[in-house]
Amino acid sequence: MKTGKALLLGSAVYFVLSFAPVLYLASRVQAGGVALLSARRLGLLENSLLLGLVVAAFCMTAGLAAAQGIHTGPLAGRGCRWFFLLLAAVPPYVYALACLSVARLFRLNPTGLFPSAAVEVLAYLPICTGISLLALERLPKEPLQLALLMGREEKAFWNVALPSVFPQVLASGGLVFILSVTDFSIPSLFQVNVYAMEIFSDYSAQGRTYHSFLLSLPLTAVAAVVLLLCMGPVKSILMAAPSGAAFPVRGGAAVFAAGRAGVALCMFQVVFPLAALAPYLPSLGWAILLAWEELATSCLTGALAGLLALAPAALAAEFLLAQKGKRWLWYLFLFPIALPGSIVGLGLLEMVNKSPFHRLGRTVWMPALGLAVHYRPICCSCWPGPLPGWTGTSWRWGGCWRGRGGGIFSGCGCPCSAAGCWLPSRWPSCSAWRTWAPC
């Protein structure tokens, strides 16, 4: 009984903290306040949707191919098969900086949709690769063995294996789509105007949080619909237990070639930023000395954000795992993933500034709290649940997503709590949180 009350209390804290900033902004909407979608803003929304669709489609295709290549290649069953998570703790904009660094060597100035999409594909590819690999490794043996007895291995892949994992592959693409359309850090570096940037720019120009909230509604609605469509496959992976030893189905020559190409792209995704930034390593020590205060603040902010996010997220995840068959509850708790970070930041900032705790706005606790609120739903989805004999290598869907923030720790056998703490720490300088400039 005490455990049930603790889970319920933790879930209530999680729910209140996740929705309070947005509900506060909604309560501040003035009568007659309208945020019109002008032709320019509709164009920005189209840019965001187009960029998100391109990135999601390519990540899904390349991620599935890479997962198939890993699953049927020499890395199958080995711990090193998760090599594509080596740069899991690297923020996405580092890939953009690496791209710009290489472009300068050739005196190029990459701008536009194509370089922005290419960088986002490199940044988000591990999400689709990890989810696809996890789904392939959890395919039951019996249907595959029966399909092999009745036909060739190629037919077993196209008729059994691929249809079985396709919902999870689509769900991984949906998650990448949400991450892409709600972020503006990478597009802004390549001079691509997107709708998420318009929300932040509107607040910077006018200072009306309720108006920015109204502007965010179209983007939030799109992301929420995509998240709703992803919930079924996401929940099926999260609730599924490991099915035993993997049973790879290799498919034909085309599938084999696609798998090798996908693995090569994952290797490039790991090597590219390291190689691009290698010439600057001799000056790394001097740069650290110059920016040691900023680095210390970022590390402290990330650590505090992880600690603030972990406990409510863990209790909420345990509560959700106990509510079997209630899909709407899962959707409700994970809905904040669809909210733009700038809106969460603006709502929380205004709440704190108008409360007795307004002094927090000038301390490191403010960005830490904001990051914890924004990334708590992802920490919740990372929780593996009460698995008897669970180890870091027996991942669920959350472990695959954990790869973007803390999966590399779990892959080494560390507890999932380390992943939940580390996830927000890789985003302390994310552009969505530039709101926290001290006044």
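A residue counts as buried when its relative accessible area is under 20%, as exposed when that area is over 50%, and as partly exposed in between (1.4 Å probe, protein chains only). By this criterion, buried residues make up 53% of the 439 residues in the protein chain. The structure is a predicted model, in which local features need pLDDT of at least 70 and side-chain atom pairs count only at pLDDT 80 or more, while totals for chains, interfaces and linings use all residues. Residues are numbered from 1 along each chain as its sequence is written, and side-chain values use heavy atoms, with hydrogens and water left out.

**Overall architecture**

- The protein chain contains 18 helices and zero strands; helices (H or I, at least four residues) and strands (E, at least two) are DSSP runs, numbered from the N terminus.
- Contact means heavy atoms within 4.5 Å. Among contacts in the protein chain between residues at least 6 apart in sequence, 84% join residues at least 24 apart.

**Nonpolar core**

- A nonpolar core is a set of buried Ala, Val, Leu, Ile, Met, Phe, Trp, Tyr and Cys residues joined through side-chain atoms within 4.5 Å.
- The largest such core has 119 residues, and those with the most contacts inside it are Val 55, Phe 84, Val 165 and Cys 380.
- Helix H4 supplies the largest share of this core, 14 residues.
- In soluble globular proteins, nonpolar side chains tend to be buried together.
- Cys 380 is in contact with Tyr 14, Ala 313, Ala 316, Ala 317, Leu 320 and Leu 334, leaving aside its neighbours within four places in sequence.

**Helix H3 against H4**

- Axes are lines fitted to C-alpha atoms, for helices over the stretch in contact, and angles run from 0 to 180 degrees between N-to-C directions.
- Helix H3 (residues 92-105) packs on helix H4 (residues 113-137) at an angle of about 135 degrees, with the axes 9 Å apart.
- H3 is therefore oblique to H4; angles under 35 degrees count as roughly parallel, over 145 as roughly antiparallel, 65 to 115 as roughly perpendicular and the rest as oblique.
- The crossing of H3 and H4 is right-handed; a crossing is left-handed if the near helix is turned anticlockwise from the far one by less than a right angle, and right-handed if clockwise.
- Pro 92, Tyr 95, Ala 96 and Cys 99 of H3 make the contact with Val 119, Leu 122, Ala 123 and Tyr 124 of H4.
- The contact of H3 with H4 comprises eight nonpolar, no polar and no charged residues; Ala, Val, Leu, Ile, Met, Phe, Trp, Tyr, Cys and Pro count as nonpolar, Asp, Glu, Lys and Arg as charged, and the others, Gly among them, as polar.

**Helix H3 against H10**

- The axes of H3 and helix H10 (residues 253-277) come within 9 Å and cross at roughly 55 degrees, so H3 is oblique to H10.
- The crossing of H3 and H10 is left-handed.
- On the H3 side, the contact involves Val 94, Tyr 95, Ala 98, Cys 99, Ser 101 and Val 102, and on the H10 side Gln 269, Phe 272, Pro 273, Ala 276 and Leu 277.
- By class, the contact of H3 with H10 has nine nonpolar, two polar and no charged residues.

**Helix H8 against H14**

- H8 and H14 pack with their axes 9 Å apart and at an angle of about 25 degrees, so H8 is roughly parallel to H14.
- Ala 196, Ile 199, Phe 200 and Tyr 203 in H8 meet Ser 342, Ile 343 and Leu 346 in H14.
- The contact of H8 with H14 has six nonpolar, one polar and no charged residues.

**Buried positions within helices**

- Glu 350 lies in helix H14 (residues 341-353) and counts as buried because its relative accessibility is 14%.
- Not counting residues up to four places away in sequence, Glu 350 touches Tyr 24, Arg 28 and Thr 209.
- Ile 131, in helix H4, is buried at 1% relative accessibility.
- Ile 131 and Val 165 are 34 residues apart in sequence and 9.5 Å apart in space, C-alpha to C-alpha.
- Gly 302, in helix H12 (residues 292-322), is buried with a relative accessible area of 0%.
- Gly 302 and Ala 372 are 70 residues apart in sequence, with a C-alpha to C-alpha distance of 8.8 Å.

**Loop residues with positive phi**

- Arg 107, in the loop between H3 and H4, has phi near 55 degrees, a positive value in a residue other than glycine.
- Arg 107 is exposed, at a relative accessible area of 81%.
- Gln 191, in the loop between helix H7 (185-189) and helix H8 (195-206), has phi near 60 degrees, a positive value in a residue other than glycine.
- Gln 191 counts as exposed because its relative accessibility is 59%.
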